[in-house]
Amino acid sequence: MKTTNKLLVSCEEAKHICDKNQYGEASFIEIVKLNIRLVYCKVTRAYSKRNTKLTKTINKSNIQTIDQPEKEIMKKKLQKELSK
């Protein structure tokens, strides 16, 4: 749904802007549009709050991943064991 007013955005567009804002990719005008939407839309406020909480939780989690060369070594070992 597109609105005729340039500062009012749909709920779906606001969610997209919220996601972009979490990663620092939203432009200034998008942030203004999002903030206007947050003033009057309970659904968008709830989405933004959950999104912020999720981002903070993931950043605190201290997830460690295996690098690509180590994955290849593990894959070869697994293939070797499966072929026995």
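Student: How many helices and strands are in the protein chain?
Tutor: This is a predicted model. From the N terminus on, its elements run α-α-α-α. The count is 4 helices and 0 strands.

Student: What is the radius of gyration of the protein chain, and what does the globule rule give for 84 residues?
Tutor: Start with the C-alpha trace, which spans about 65 × 25 × 20 Å along its principal axes. The chain is more spread out than a compact globule, because its radius of gyration is well over the value from the globule rule. The rule gives 12 Å, while the chain has 21 Å.

Student: Is valine 39 buried or exposed?
Tutor: Valine 39 sits in helix H2, residues 28-40. Its relative accessible area is 68%. The cut-off for exposed is over 50%. So valine 39 is exposed.

Student: Which residues form a nonpolar patch on the surface?
Tutor: Val39 is one of them. Together the members have about 300 Å² of accessible area. The patch is Leu8, Val39 and Tyr40.

Student: Which side chain of opposite charge is nearest to lysine 33?
Tutor: Lysine 33 is also found in helix H2. Lysine 33 is buried yet has no salt bridge. A salt bridge needs the charged atoms within 4 Å.

Student: Which residues is lysine 33 in contact with, leaving aside neighbours within four places in sequence?
Tutor: Contact means heavy atoms within 4.5 Å. Setting those sequence neighbours aside, the contacts of lysine 33 are Lys6, Leu7 and Val9.

How values were computed:
Residues are numbered from 1 along each chain as its sequence is written. This is a predicted model: local features need pLDDT of at least 70, side-chain atom pairs count only at pLDDT 80 or more; totals for chains, interfaces and linings use all residues. Side-chain values use heavy atoms; hydrogens and water are left out. Patches are made of residues with over 30% relative accessible area and no salt bridge: like charges are joined within 9 Å, nonpolar side chains (Val, Leu, Ile, Met, Phe, Trp, Tyr) within 5 Å. Accessible areas come from the Shrake-Rupley method with a 1.4 Å probe; for residues, only the protein chains shown count as cover. Helices (H or I, at least four residues) and strands (E, at least two) are DSSP runs, numbered from the N terminus. Buried means under 20% relative accessible area, exposed over 50%, partly exposed in between (1.4 Å probe, protein chains only). Lys and Arg count as positive and Asp and Glu as negative; His and the chain ends are not counted. The radius of gyration is taken over C-alpha atoms; the globule rule is 2.2 Å times the number of residues to the power 0.38.
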